[in-house]
Amino acid sequence: MADKSDKSAKHGLARGLTNYGDAGFSLYLRRSFAKSMGYSGEMLARPVVGIADSKSGFNNCHRHFPELIEAVKRGALAAGALPIEFPTVSLGEVFLSPTSMMFRNLMSIDVEEMMRAQPMDAVVLLGGCDKTVPAQLMGAASADVPAVQLLAGPMMPTSFRGERLGACTDCRRFWALHRAGKVDSSEIETIEGNLATTAGTCAVMGTASTMASISEALGMALPGSAAIPAVHSDRLRAAEASGRRAAGLAKDPIRPSQIITERSVENALRVLLAVGGSTNAIVHLTAIAGRAGVKIDLKKLNALSDSTPVLVDLKPTGQHYMSDLYAAGGVGAVLRELKPLLNLDCMTVAGETLGERLKHEEGAWVDRSVVKAFKEPLSSQGGLVALFGSLAPNGAILKRSAADPSLFEREGRAVVFASLDDLAARIDDSNLDVKAEDFLVLQNAGPKSGYAMPEAGYLPIPAKLARAGVKDMVRISDARMSGTAYGTIVLHVSPEAAIGGPLALVKNGDRIRLSVRERKMDLLVSESELGKRKAAWREPSARPSRGYAKLYMDHVLQAEHGCDFDFLRKA
Ligand code: FES
């Protein structure tokens, strides 16, 4: 408990004073203005737990945050701290144009600077929707203020005409049926109202659920908290516990720099692979690690992938929903299976090491229909793999657990779309020269394309092929893909087309060779021909001249660096 008589101690409201050239005056003025909010002197002498609130009317996934915040406050107050909430940027995935990815770094700057500028001894970060958790962890790692990540929790699936629906693998499944002419307009409108029916994040192992799992594996979220459904009362208890724990950290700090280390990042990569997680998560984890000075090498990802089994049977690659993972034992059940592969000495925000945590949980309940045993995995190798080769010298990502293995070793003819607009204009043209065995190639959808690397890598199957029953094709781009999507889709090709990477030089009819076994993707065009094409290449989009768009374009890095801004990474 803070000493009430010592108003100059550098904790609570006395931290980071506004500079009037007289520290005593600054604290007196701050306390005076704080008292206008009705706080007593006893409350203002407490350590402060900030609550970073990313609620917004443009973020359906966070609509229950007011109730969670009340629970966080309860926990912090009971543990002797003063909880103070503050708003930050919110990123509602489907409400942002051109894509939420463009604004992840903006939110991270907001979180970092507000954590640092405002007087708080620790913070609870409330996030959930895809980019919000990465942004908060990036900001917390840079500010290095003790922080507890509190997740929104997943939505519940909805019972609908004898089956369960959940955002958003089922959104895509029904839309594909609609495109193929098997679900009519009135039916798709009915389905639209049954895909996302509760508060919380997408109900499958998409990006939000993957980042939640990673938060717990990294040690930044409390043990057992990642998978609790948004509407379950356990989520409120986790919020209360997060507030209580943040109060503990305010008095006895454990900083993000002590938690996010090379060894904990490796644990997080193992969990990402074992849950069959989203391809986006590799970009986000790279960015978070980069803020802590930890580099993720895609070749290391391949080594980890080769030795990490897929254990979790969730959509989009499996059967179940995130709420089923919670009922089955949650992320703890996955960590227990992975124990022989994990770095158990890593510290967690709970104040115990991962090994100590897992020791308490020995023999805990697990439902094997959802979380498989280490010795009987769904697959003996991890869900993600990095590809290299002449088409992607700096790497590309394939989610092999969501792909059709019969397409893994083949050569194909490129059918090229020069931009997203070109794709939209021609993909369903009945005259499009395309066959099921071709490779669809999308250019200029990477970080610097002007589209800010949208989730457009899940190129639709051309309508005429979809109607003929084609369900998967090799698709290659420098874009990302929603974590809820599936297919033989090569993403994050680097260097991207918009900066003149080899992807920019692909032409219709070129041959491309894909070998997942060899981790290779080559453009089978001679060096001399590529040299001619490179000489004729021009940057595709005009650069923004002002504002955040200019900051973004001037500083965003390629996918293998997490698409962070160059000046935000730890030197
Ligand atoms: Fe928010 Fe999917 S739209 S998590």
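Which elements are included in what covers the buried residues of helix 9?

**Entry 1: basis.** I worked from a predicted model, in which local features need pLDDT of at least 70 and side-chain atom pairs count only at pLDDT 80 or more, while totals for chains, interfaces and linings use all residues. Residues are numbered from 1 along each chain as its sequence is written, and side-chain values use heavy atoms, with hydrogens and water left out.

**Entry 2: helix 9.** I took helices (H or I, at least four residues) and strands (E, at least two) as DSSP runs, numbered from the N terminus. The cover of the buried residues of helix 9 includes strand 1 (48–53), helix 3 (65–78), strand 3 (122–127) and strand 4 (147–151). Contact here means heavy atoms within 4.5 Å. I list the buried residues of helix 9 as Arg 235, Ala 238, Ala 239, Ser 242, Gly 243, Ala 246, Ala 247, Leu 249 and Ala 250; buried means under 20% relative accessible area, exposed over 50%, and partly exposed in between, with a 1.4 Å probe and protein chains only. An α-helix has 3.6 residues a turn, so residues three or four places apart point the same way. Helix 9 spans residues 233–251, and its 19 residues reach 28 Å from first C-alpha to last, close to the 27 Å expected at 1.5 Å a residue (1.5 Å times one less than the number of residues).

**Entry 3: nonpolar cores.** I next looked up sets of buried Ala, Val, Leu, Ile, Met, Phe, Trp, Tyr and Cys residues joined through side-chain atoms within 4.5 Å, which define a nonpolar core. The largest has 114 residues, and those with the most contacts inside it are Met 115, Leu 126, Leu 218, Val 265, Leu 269, Ile 282 and Leu 325. Apart from this core lies another of 29 residues, among them Val 385, Leu 505, Ile 512 and Met 521. For Ile 282, leaving aside neighbours within four places in sequence, I noted contacts with Leu 269, Leu 272, Ile 296, Leu 298, Leu 301, Ile 397 and His 492.

Entry 4: On a 1 Å grid over the protein atoms alone, a cavity is a set of points where a 1.4 Å probe fits but cannot get out; a pocket is an open set with protein on both sides within 12 Å along at least five of seven lines; lining residues have an atom within 4 Å of a point. Grid points are joined across faces, edges and corners, and a volume is the space filled by probe spheres set on the points. I found four cavities of 30 Å³ or more.

**Entry 5: pockets.** The largest pocket has a volume of about 960 Å³. Of its 36 lining residues, Glu 93, Val 94, Cys 168, Arg 172 and Glu 455 lie nearest its centre. Helix 6 supplies the largest share of this lining, four residues. The second largest pocket, of about 510 Å³, has 20 lining residues, of which Arg 172, Ala 176, Tyr 458, Ile 461 and Lys 471 lie nearest its centre. Helix 6 gives the most here too, with six residues.
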